[in-house]
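Please read them beside the sequence and the model.

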2 protein chains.
Amino acid sequence: MKKIPFLIMSLALCASVYSQQALWGGQEIISPEIHPDNKVTFRFNAPDAKKVEVTGDFLPTQKMKTPMGETDAPGSAALLKNEKGVWEYTTPQPLASELYSYSFIIDGLKVTDPSNVYMSRDIASVTNIFIIGGGIGDLYKVNDVPHGTVARTWYESQSLGMSRRLTVYLPPGYETSEESFPVLYLLHGAGGDEEAWIELGRASQILDNMIAQGNVKPMIVVMTNGNAGQQAAPGESPRGMYKPSFMGDTRMDGAFEESFPEIVAFAERNYLVKTEKVDRAIAGLSMGGFHSMHISKQYPDMFDYVGLFSAAIIPPQGDVKLGVYENMDEKLKIQFSQNPKLYWIAIGNTDFLFKNNTDYRKMLDEKGYKYIYRESGEGHIWKNWRIYLTEFLPMLFK
Amino acid sequence: MKKIPFLIMSLALCASVYSQQALWGGQEIISPEIHPDNKVTFRFNAPDAKKVEVTGDFLPTQKMKTPMGETDAPGSAALLKNEKGVWEYTTPQPLASELYSYSFIIDGLKVTDPSNVYMSRDIASVTNIFIIGGGIGDLYKVNDVPHGTVARTWYESQSLGMSRRLTVYLPPGYETSEESFPVLYLLHGAGGDEEAWIELGRASQILDNMIAQGNVKPMIVVMTNGNAGQQAAPGESPRGMYKPSFMGDTRMDGAFEESFPEIVAFAERNYLVKTEKVDRAIAGLSMGGFHSMHISKQYPDMFDYVGLFSAAIIPPQGDVKLGVYENMDEKLKIQFSQNPKLYWIAIGNTDFLFKNNTDYRKMLDEKGYKYIYRESGEGHIWKNWRIYLTEFLPMLFK
């Protein structure tokens, strides 16, 4: 053990209330413990609990009842109590390289792991995370490579009438560079915000690692907030610390798409960004795929690279601004007549939007519009969206 | 209730596994609920629990046993179960305007509030937070004012032999500004890192709000990682997602202080930073106060403004690089002979470092060195450090 200087220790001992809390409040156990063979042990210190389970996406799915019927949900596994009152579960098999999420269920109560400070928020649900390396997961880790800058910044949207927050990735060396960079606009899904690709999508790690490998061109990535009624991620706007909800401020009425040139103009005013169509890409997941599809055809001179990840290709509806959504055939015709360098459609074969994407591709085929199609396993999950990003990035700006 | 378009709802219903999880996994209760009179209700849905308590710094402190004796710890209060199985507690009195932290204790088990996604990490301890407005807490909120940019970036430390992470606040309008800005270097305490002032200290909100009020000059704030053995905050370096510990990579051996000119040089190379002594400030809490004291006297031409917040003014010890710590009297003499514009010492009257600071001030008095002293109530807590920051900032660069 490392020697702790006496006076440093005294700092720890005498500090009152919360620093003390931080020192003695934690559990003295390690969880999760990733073994050298990639089996994982979960531990929870609850001597008096009757039942402790772990639930997460490293386990086979199980059926879950929702207010609207049955659906797939992460499975669960029971921990066993050892002689010290610590509950334990070790996966019977090594886990494949991935980023996983999990929670504990203590006597029926879902809680986070008090031994693991690493968490992700998905809408109003906070779960712990861990990464298994040795494969795709290595792209999600912080590795010993040059790191880009991640900036949270704000732009004025005239059309939406508010200040709005953006997350911007600047490639390694950007600050002292004289050159300009191509730019990818990367859009989240319903329930997400400008933090989603960084927090759940590990976008900055993927960019750092793939740029270091030489497989991806150094680029700026602008992660927008696609909820036209929202200024910023929950907790980051004047609305304060409200409880996030799925629908929240999501609107699919065309207002965000129509406002998009403001974001492009902001990026070009504030950053060393190349301004030709050939240096601009747009991609998004689910609702962000819907946005990318509509924005790229609404502004056919803007993007030469388009990525639709599990795109919510659904008809516009309700109280929509028809401007963006009308004359779809005609706008697609104009967009594809200019031969975009890449129009990439990716979806999982169990995704609930699989048929919508199949129908959309059928239409593109009938018109003779060129695109590249990537079909993966599984469904509408972040695992797929991270993988799609790692596949999409190397095709850009080549 | 807001009308939810049918197809958006279908997105929610059919999405599988984790998005589903996010939708149906949360509890349908509001906690904490801040009432108009600033009383606060905490709620926890656990029909089968025997005892539910809330613990936090909004309650009077209580004595807590630690391995090294008794100390103050946040108090606790019992929740009562209502007819729906939801446990509730409402503070008997309105809470004063502040940022508060809390956790639940369910049958003896400390857990975060599953209804509140807003949390702070202090070393290995994660607690929920909420803000009561109407006073100092308004400076910690995100308000409808121009927002600066918060960038996480990396610099190469030749002397420490590693890439290291920095958090940088850039004032509103920075990106399109032609002018240069003064710069404050803001340092954390032992157990903290480059995230501490942003996450626990609400530094970006304080800066945004006070610059908007016109009380604080627009400035750049560079928040360093003062642990000489550490590249970045836990989870943000190649060390991965390890369990943070109090001592961790903290070193008080002079290496960080000696390396400081590298950080100043980096800031001046990468940002529009004024480079005169009169445009540079350094401040820190606890260990960061110790660092600020030593750095400002080691480099007497560097900083015209120095802030020591609950500074750990303790003798150097153990395996130290004497270069920084030797000839203290002589170095202080040089520093004060140049009449720094501000040398600000702040400490709480119950802080365990109170006597150390009193002794240090006595020595300064004997030598006739000028400083400003601010004594607050309470001890070695973030509440004080946030308040000190709000008091220190308006005195800078005037």
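1. A definition is needed at the outset: a residue counts as buried if 20 or more other C-beta atoms lie within 10 Å of its own, as exposed if 12 or fewer do, and as partly exposed in between, with C-beta atoms placed from the backbone. Helices (H or I, at least four residues) and strands (E, at least two) are DSSP runs, numbered from the N terminus. The model is a predicted one, in which local features need pLDDT of at least 70 and side-chain atom pairs count only at pLDDT 80 or more, while totals for chains, interfaces and linings use all residues. Residues are numbered from 1 along each chain as its sequence is written, and chains are lettered from A and ligands numbered from 1 in the order in which they are written.

2. Helix H10 of chain B covers residues 382-392, and nine of its eleven residues are buried, so the helix is largely enclosed by the rest of the structure. The buried residues of H10(B) are B:Trp382, B:Lys383, B:Asn384, B:Trp385, B:Arg386, B:Ile387, B:Tyr388, B:Leu389 and B:Phe392.

3. In chain A, helix H10 (residues 382-392) is mostly covered, with nine of its eleven residues buried. Among the buried residues of H10(A) are A:Trp382, A:Trp385, A:Arg386 and A:Phe392.

4. Helix H4 of chain B (residues 203-213) is also a mostly covered helix, and eight of its eleven residues are buried. These are B:Ala203, B:Ser204, B:Gln205, B:Ile206, B:Leu207, B:Asp208, B:Asn209 and B:Ile211. What do the buried residues of H4(B) pack against? Their partners in chain B are strand S13 (149-157), strand S14 (162-170), strand S15 (183-187), helix H3 (196-199), strand S16 (220-223) and H10. Two residues are taken to be in contact if their C-beta atoms, placed from the backbone, lie within 7 Å. After H4(B) comes B:Gly214, which has a positive phi near 85°.

5. Chain A is divided into domain 1 (25-133) and domain 2 (149-395), with bounds that come from an automatic or database domain assignment. The centres of the two domains of chain A, taken over C-alpha atoms, are 32 Å apart. Seven residues from domain 1 of chain A and nine residues from domain 2 of chain A make the contact. On the domain 1 side, strand S9 (98-106) and strand S11 (119-122) of chain A each supply at least two residues. S11(A) gives the most to that side, with three residues. By class, the domain 1 side has three nonpolar, one polar and three charged residues; here Ala, Val, Leu, Ile, Met, Phe, Trp, Tyr, Cys and Pro count as nonpolar, Asp, Glu, Lys and Arg as charged, and the others, Gly among them, as polar.

6. Helix H5 (residues 255-270) and helix H6 (residues 287-298) of chain A pack at an angle of about 55°, and their axes are 9 Å apart. Axes are lines fitted to C-alpha atoms, for helices over the stretch in contact, and angles run from 0 to 180 degrees between N-to-C directions. H5(A) and H6(A) are therefore oblique to each other; angles under 35 degrees count as roughly parallel, over 145 as roughly antiparallel, 65 to 115 as roughly perpendicular and the rest as oblique. The contact is made by A:Phe256, A:Glu257 and A:Phe260 of H5(A) and A:His291, A:His294, A:Ile295 and A:Gln298 of H6(A). These contact residues divide into three nonpolar, three polar and one charged.

7. H6(A) also packs against helix H8 (residues 328-337) of chain A, at an angle of about 75° and with the axes 8 Å apart. H6(A) and H8(A) are therefore roughly perpendicular to each other. The contact takes A:Ser296, A:Lys297 and A:Gln298 from H6(A), and A:Lys331, A:Leu332 and A:Gln335 from H8(A).

8. Some backbone details deserve a check. Most residues other than glycine have a negative phi, and most peptide bonds are trans. A cis peptide bond joins A:Ser31 and A:Pro32, with omega about -5°. A:Pro32 is in the loop between helix H2 (17-24) and strand S1 (33-34) of chain A. In chain B, the peptide bond from B:Ser31 to B:Pro32 is cis, with omega near -5°.

9. A:Phe397, in the segment after H10 of chain A, has a positive phi near 60°. Is A:Phe397 buried or exposed? A:Phe397 is buried, with 22 other C-beta atoms within 10 Å. B:Glu378 also has a positive phi, near 60°, and counts as partly exposed, with 17 C-beta neighbours inside 10 Å.
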